[in-house]
Amino acid sequence: MSLQQILFIIFGAITLGAALLVVTRRNVFHAALFLILSFFGVAGLYVLLEAPFLAAVQLFVYVGGIAILIVFAITLTRDTMNPLENGAGRNRQWWAAALVAVALCGMLGWVALNHDWGAAPGPVLEHSIAILGTTLVDPEGLVLPFEVASVLLLVTLIGTVTIARER
Amino acid sequence: MEFLKDLITNIGLWFHELLASTSLPEVWVRVITLVVGASVLALVPLVAVIFLIWFERKIAARIASRLGPNNSGAYGGPWGILQVFADAIKMFVKEDVIPTAADRWVFNIAPMLVLALAVLIWAVIPLGKGLIGSDLNIGVFYILSLGSASMITMLMAGWGSNNKYATLGALRSIVTLASYEIPQVLSVLVVVMVAGSFSMQDIIEAQDVAFLFTLPLTALLYLASSLSELERRPFDLVEANSGIVAGCCIEYSGMKSGMFYLAESLNQLAVTATFSTLFLGGWRGPWVDQAPALSTLWLMLKILLLTLIIQFFRYTLPRLRVDQILRLNWKFLTPLALVNICVVALVGQAVPTSAGPWVRAGAFLGANILLALAMLKVSSQQWQTAAG
Amino acid sequence: MIPLEWVLILAAALFCAGVYGVLSQRNGIAVLMGIELMLNATNINLVAFWRYLEPGAATGQAFALFVYAVAAAEAAVGLALIIAIWRTRDTIILEDIDLLKG
């Protein structure tokens with residue numbers, strides 16, 4: 001059990017434990033906090049997988065952006081007649097959902113275990129961030145998805161402001 | 001004398017050899033050295049913050065023609081430096097009040113988390129030549145993302161207090177923080193573009209001419225947006241003492257509110273250290289190559305200078321309203337930051353690297369000055385039409 | 001070295017936690033949180049495949065960045081919709097938003 005594997009088990013346990021708590025907590029604000037914990041766990045996993053730039057982006061976008069949005073929405077949609085009971089819990093077909101989830105997990109795990117993924121991985125290059133940067137703006141690389149993503153974000157910005165506006 | 005020239009690194013090496021000469025296995029020696037090093041690194045900003053709090057109170061007093069702390073009861077120490085310890089002891093012995101309907105776990109974890117995130121930033125700040133906790137290849141980005149992640153602690157504090165005003169204060173401060181992240185990130189991006197790397201040590205190495213003199217507009221942008229991130233005057237609406245009293249942290253008392261205060265001071269120290277690294281050349285200064293221990297001294301002097309400037313802002317400028325803060329950001333700083341990136345990128349491509357660092361520096365400086373003049377002209381026209 | 005199967009199984013488990021969240025929660029925001037869990041699991045898979053199968057290219061990390069952009073966009077629009085629903089129907093419990101039913 002090398003140090004890396006021990007760290008992977010720790011971070012994996014944090015991520016998975018927090019994720020299971022997210023979907024089972026009745027209080028939706030607590031669920032949001034556990035979601036943030038699982039985001040931190042995923043960032044740790046990225047560092048273990050030698051993608052530190054993505055770990056920082058995960059913290060920036062998810063924890064510093066999406067999680068804040070979720071907590072804002074929770075605060076703005078609070079049922080003020082019933083302030084301490086924030087959330088709603090499970091609906092009537094939760095047992096079917098649990099069955100589907102477990103079956104899906106089993107299937108995916110079976111595929112992952114029974115496939116031959118090839119030889120040992122090669123090393124990550126020293127300047128992988130620079131390679132990522134150049135690929136994103138290279139005309140023969142990924143500049144088209146990059147520009148389309150920026151248009152998507154602009155459209156989202158306009159759409160969100162329009163949808164959530166006070167009439 | 002040779003030992004003194006590279007003092008801190010030599011102390012570390014001496015400690016490592018001391019441990020290795022005992023009969024512990026190799027792995028334990030490494031782990032113990034790392035743990036001791038990390039603890040010392042975490043303690044350095046905490047000790048520095050004590051000095052920083054005293055410094056701030058003295059400057060505040062002198063600006064107001066007062067004397068500041070010079071006598072804390074029995075003995076104030078030289079220049080009243082023991083006053084800070086007296087304040088810390090007072091905070092420890094205060095009663096810890098928790099509102100009845102507060103969400104206990106969330107309420108109690110928020111101050112711990114904010115302090116933890118504030119200390120985590122110090123892992124990548126270069127404290128001297130060769131003295132850095134961990135020279136990550138995403139150095140500056142790590143600092144930015146931790147600053148962004150610390151917004152959630154404010155929400156936890158506001159929500160956990162179960163108090164309308166705390167929640168409102170938390171929401172207002174989050175809106176300010178999230179808005180000002182954009183010019184902050186964009187100005188850091190300019191520095192990263194010119195230096196060619198995210199790593200803090202690489203940015204320092206790339207500053208043959210300090211970036212303050214080649215990219216002054218970017219430095220001002222970073223200073224303004226970081227002041228807002230720190231919620232310092234003129235952007236400290238959320239802790240306006242006469243208004244919404246401590247914003248999200250109304251219900252905290254005793255050591256927990258002390259932790260919020262400590263985290264704010266730590267963040268201020270981290271921002272001044274980052275500014276000195278990005279724009280003032282970090283630990284660079286005369287005679288650093290011969291005596292690397294001097295590099296820490298230069299960094300401390302630069303941090304002190306920055307702190308002085310931030311304190312001057314605090315005690316001379318009035319506070320902005322929240323709509324003025326947001327208008328300043330979205331209508332002024334963000335477009336300026338975007339145009340700044342484009343201009344610096346164009347100039348960086350137009351002036352080849354073979355022309356030498358001074359020519360490039362001059363080109364960037366010229367571009368920045370032109371941009372500043374254009375911005376002044378455009379904004380003065382805009383404000384004239386708005387007012388008249 | 002962490003075996004690739006471990007990472008894939010972890011990502012599968014995270015994905016299925018998200019699926020359970022989406023299918024079984026009554027609160028609209030909790031459904032969105034399940035969607036974010038699923039997107040995180042996908043990202044872990046992408047990064048793991050990048051690391052273990054093709055670490056020299058940047059495609060895996062770039063794909064993960066695009067997933068981040070899309071996730072941020074979708075979370076923003078979803079939450080704006082929930083706030084709009086709250087304003088008109090005064091509830092965000094999905095079972096009670098059934099005007100078009102029947």
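How many residues does the contact take from chain A and from chain C?

Guide: The contact takes 71 residues from chain A and 62 residues from chain C, where two residues are in contact if their C-beta atoms, placed from the backbone, lie within 7 Å. This is a predicted model, in which local features need pLDDT of at least 70, side-chain atom pairs count only at pLDDT 80 or more, and totals for chains, interfaces and linings use all residues. Residues are numbered from 1 along each chain as its sequence is written, while chains are lettered from A and ligands numbered from 1 in the order in which they are written.

On the side of chain A that touches chain C, two or more residues come from each of α1 (3-22), α2 (28-48), α3 (52-76), α4 (94-113), α5 (128-137) and α6 (143-163) of chain A; helices here are DSSP runs of H or I with at least four residues, numbered from the N terminus. With twelve residues, α4(A) gives the most to this side. By class, the side of chain A that touches chain C has 52 nonpolar, 17 polar and two charged residues, with Ala, Val, Leu, Ile, Met, Phe, Trp, Tyr, Cys and Pro counted as nonpolar, Asp, Glu, Lys and Arg as charged, and the others, Gly among them, as polar.

Within this contact, α3(A) packs with helix α2 (residues 28-53) of chain C at an angle of about 175°, their axes 11 Å apart; the axes are lines fitted to C-alpha atoms over the stretch in contact, and angles run from 0 to 180 degrees between N-to-C directions. The two helices, α3(A) and α2(C), are therefore roughly antiparallel to each other, a term for angles over 145 degrees. From α3(A), the residues A:L54, A:I66, A:I70, A:A73 and A:I74 meet C:I29, C:L32, C:M33, C:E36 and C:V47 of α2(C), and by class this contact has nine nonpolar, no polar and one charged residues.

Turning to α5(A), its residues A:S128, A:I129 and A:L132 are buried, that is, 20 or more other C-beta atoms lie within 10 Å of their own, with C-beta atoms placed from the backbone. Seen down the axis of α5(A), the buried residues fall within an arc of 105°, so they line one face of the helix; the arc is that of the directions from the helix axis to the C-beta atoms. What covers these buried residues of α5(A) includes α3 of chain A together with α3 (59-89) of chain C.

As for confidence, the predictor gives the complex an ipTM of 0.93 and a pTM of 0.91.

Key: A residue is buried if 20 or more other C-beta atoms lie within 10 Å of its own, exposed if 12 or fewer, and partly exposed in between; C-beta atoms are placed from the backbone. Angles under 35 degrees count as roughly parallel, over 145 as roughly antiparallel, 65 to 115 as roughly perpendicular and the rest as oblique.
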